[in-house]
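Trainee: Please take a close look at the metal site in this model and at the charged contacts around it.

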Amino acid sequence: MKKFEFTEKLIKEAGLKLTDFYLEKRKISEKKDEFDLVTQFDFELQDLLIQKIKKEFPQDSIFAEENGMDKIKKWKNKNLWIIDPIDGTVNFIHRIPFFAISIAYYENEEPVFGFVLNPITRELFYAQKEKGAYLNGRRIKASENSELKKSIIMFGISNFDKLNLLNKFNRKVRRMRLFGAAALHSSYVASGYCDAFIVKDIHPWDIAAGYLILKEAGGKITDWSGSEITPFQTEQMIFSNGKVTQEIINIINE
Ligand code: IPD
Ligand code: CA
Ligand code: CA
């Protein structure tokens with residue numbers, strides 16, 4: 001089976017599992033500290049995904065958030081799967097239905113295809129390089145809105161930075177939102193639901209799929225100074241429709 005079709009089937013299967021886990025009792029463990037959490041279901045889902053990919057494509061490399069390989073060097077020159085079994089684990093823990101499974105496939109550090117599934121709303125966002133972006137079979141495009149005052153801007157920043165940055169945007173945008181799952185945030189920009197997503201200090205697994213989905217939907221991904229960036233440059237990112245990027249950069253740097 002081709003990799004793209006295989007992954008569509010796989011993520012739907014994993015989505016059903018995650019829906020089953022939603023109301024189950026979860027065991028919560030700390031990773032780095034008390035703000036960095038994981039559940040047994042993150043591992044269970046990750047194992048399922050890795051096992052199935054390995055069986056079908058044994059030559060490929062797999063990078064998954066919870067398997068602890070955190071070296072960008074290892075990601076080079078390979079047929080590489082980048083997986084986040086649950087993006088938005090804290091939402092999942094608190095039963096806030098805004099979390100997703102993210103699976104991306106890269107060749108030589110270039111995205112080939114990516115899928116993001118919210119198993120609760122059953123929204124499946126996906127894209128293939130140069131073939132457009134889709135939501136449940138319908139073509140999606142980033143919004144046409146060029147006015148920040150009419151924009152919904154999402155944020156994904158740490159507790160420390162939040163207030164300062166949010167203050168800067170106060171009364172300059174229609175609404176600010178912090179939903180808490182970067183894979184979905186980037187997909188929300190791609191589908192035109194929201195106009196931009198401003199984020200700091202995330203990791204490639206959070207947005208490996210969302211990056212391509214937004215690119216294929218006509219959006220733009222830059223750092224906070226406006227330079228276009230790769231999915232591996234995740235320190236300061238702006239995912240946008242491309243039309244409000246400059247205004248956002250001006251405000252961030254005020
Ligand atoms: C987190 C989410 C969140 C982002 C964090 C990520 P996780 O992923 O994407 O939106 O702000 O930086 O770590 O830990 O739930 O997979
Ligand atoms: Ca994540
Ligand atoms: Ca995760």
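Mentor: What follows goes through the calcium pair and then the salt bridges.

This is a predicted model, in which local features need pLDDT of at least 70 and side-chain atom pairs count only at pLDDT 80 or more, while totals for chains, interfaces and linings use all residues. Residues are numbered from 1 along each chain as its sequence is written, chains are lettered from A and ligands numbered from 1 in the order in which they are written, and side-chain values use heavy atoms, with hydrogens and water left out.

The calcium ion (ligand 2) has Asp84 (OD), Asp87 (OD) and Asp206 (OD) as its donors, at 2.1 to 2.3 Å. Donors here are N, O and S atoms within 2.8 Å of the metal (3.2 Å for Na, K and Ca); water is not among the atoms, so sites may look incomplete. Along the chain these donors have the spacing D-x2-D-x118-D. The site links distant parts of the chain, with aspartate 84 in strand E4 (residues 79–87) and aspartate 206 in helix H6 (residues 204–216), 122 residues apart. Helices (H or I, at least four residues) and strands (E, at least two) are DSSP runs, numbered from the N terminus.

The calcium ion (ligand 3) is held by Glu65 (OE), Asp84 (OD) and Ile86 (O), at 2.2 to 2.3 Å, with the spacing E-x18-D-x1-I. Aspartate 84 coordinates both ions, which are 3.7 Å apart. Aspartate 84 is buried at 0% relative accessible area, and aspartate 206 is buried at 9%; isoleucine 86 is buried as well. Buried means under 20% relative accessible area, exposed over 50%, and partly exposed in between (1.4 Å probe, protein chains only).

Glu65 also belongs to a network of salt bridges with Lys31 and Glu66. A salt bridge is a side-chain nitrogen of Lys or Arg within 4 Å of a carboxyl oxygen of Asp or Glu, and the model has 12 by this rule. In one of them, lysine 31 meets glutamate 66 at 3.0 Å, N to O. Lysine 31 sits in the loop between strand E1 (28–30) and strand E2 (37–39), and glutamate 66 in the loop between strand E3 (61–64) and E4, so the contact ties together parts 35 residues apart in sequence. Lysine 31 is partly exposed at 32%, whereas glutamate 66 is buried at 12%.

Another salt bridge joins lysine 172 and glutamate 254, with the closest N and O atoms 3.3 Å apart. Lysine 172 is partly exposed at 31% and glutamate 254 is exposed at 59%.
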